[in-house]
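Welcome, and take a moment to look around before reading on. The tour below goes from charged side chains to rings and then to other spots in the chain.

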Amino acid sequence: MPNNIDFFAINADEVPRARDFYHKVFDWAFEPWGPPNFYLIKTGEEPDRTVGGLQERRELVPGGKMIGFECTINVTNLDETIRAIESNGGKMITSKFHIPGVCTVAYFQDTEGNVAGVSQLDKP
């Protein structure tokens, strides 16, 4: 049996505010499940695929090295997504940068202070 990553969680001080942010920015759907204020997140219709990587710990937010797993969300239009992040209470913490042959990526903090990335894949 493969040992695939198939789940992630976003921590929030104000769950309704976080749900609103991710729904407005990424059009994710949320379904109550399990304990109070816990929701399953439906991010799309695509089948499972290989995700994940291992890298040296880095400091995306000045003065604080990343702790925990880093999540990057693939989007079709990075500039539009950056505008949506900022207009819905998020904050960009890096400028976008290009990884040749892979994608263009930028990192943001959500309304709860969590750090994540958004990337637009290079066209083949």
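Asp 20 and Lys 24 both sit in helix α1, four residues apart, which is about one turn of the helix. Helices (H or I, at least four residues) and strands (E, at least two) are DSSP runs, numbered from the N terminus. These two side chains form a salt bridge, with the closest N and O atoms 3.2 Å apart. The term salt bridge is used for a side-chain nitrogen of Lys or Arg within 4 Å of a carboxyl oxygen of Asp or Glu.

Please keep in mind that this is a predicted model, where local features need pLDDT of at least 70, side-chain atom pairs count only at pLDDT 80 or more, and totals for chains, interfaces and linings use all residues. Residues are numbered from 1 along each chain as its sequence is written, and side-chain values use heavy atoms, with hydrogens and water left out.

**Salt bridges**

| Salt bridge | N to O distance |
|---|---|
| Asp 20 and Lys 24 | 3.2 Å |
| Arg 17 and Glu 14 | 3.5 Å |
| Lys 96 and Asp 79 | 2.5 Å |

Asp 20 is partly exposed at 37%, and Lys 24 is partly exposed at 48%. Arg 17 is partly exposed too, with a relative accessible area of 33%, and Glu 14 is partly exposed with 42%.

**Aromatic rings**

Let us move on to the rings. The structure holds eight aromatic pairs. Rings of Phe, Tyr and Trp (its six-membered ring) pair if their centres lie within 6.5 Å; planes under 30 degrees apart count as stacked, over 60 as edge-to-face and the rest as tilted. One of the pairs is Phe 21 with Phe 108, which is tilted, at 6.1 Å centre to centre and 40° between the planes. This pair links distant parts of the chain, with Phe 21 in helix α1 (residues 15–26) and Phe 108 in strand β6 (residues 103–109), 87 residues apart. Phe 21 and Phe 108 are buried.

Tyr 22 and Phe 26 form a stacked pair, 6.0 Å centre to centre with 25° between the planes. Because they are four residues apart in helix α1, Tyr 22 and Phe 26 are separated by about one helical turn. Both of them are buried. Ring pairs join Phe 21, Tyr 22, Phe 26, Trp 28 and Phe 108 into a cluster.

**A buried serine**

Is Ser 119 buried or exposed? Ser 119 is buried, with a relative accessible area of 7%. Its place is in strand β7 (residues 115–121). Apart from neighbours within four places in sequence, Ser 119 is in contact (heavy atoms within 4.5 Å) with residues including Thr 72, Leu 78 and Cys 103.

Definitions and conventions: Buried means under 20% relative accessible area, exposed over 50%, partly exposed in between (1.4 Å probe, protein chains only).
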